[in-house]
Amino acid sequence: MPGVDSVKIKLQKYQQTLTDQMDAMRAELEINILNISRGQSGMSDLIKQTKEKELSDLQARIDAFTESTS
């Protein structure tokens, strides 16, 4: 069928784009967790709560992204 190779290439590129986006979000989450755990002893309760909320929001974004691409 004509054009099948073209569609396959486009699909592979799109799939790679999604994979790259997911990898970037996971890396951001890991970095944030590491930074928070390193500096947690010097943080006030308010800052800890704010950082935990940021982590929770990022995890929710990752979950939503995963759901939307499945």
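Asp57 is partly exposed, with a relative accessible area of 35%; partly exposed lies between buried (under 20%) and exposed (over 50%), using a 1.4 Å probe and protein chains only. The model is predicted, so local features need pLDDT of at least 70 and side-chain atom pairs count only at pLDDT 80 or more, while totals for chains, interfaces and linings use all residues. Residues are numbered from 1 along each chain as its sequence is written, and side-chain values use heavy atoms, without hydrogens and water.

Asp57 pairs with Lys53 in a salt bridge whose closest N and O atoms are 2.7 Å apart; the term requires a side-chain nitrogen of Lys or Arg within 4 Å of a carboxyl oxygen of Asp or Glu. These two residues sit four apart in helix H2, about one helical turn, and Lys53 is partly exposed at 49%. Helices are DSSP runs (H or I, at least four residues), numbered from the N terminus. The whole structure holds two salt bridges. Another links Lys51 to Glu54, with closest N and O atoms 4.0 Å apart. Both residues belong to H2 and are three residues apart.

Beyond neighbours within four places in sequence, Leu58 is in contact (heavy atoms within 4.5 Å) with Met25, Glu28, Leu29 and Asn32.
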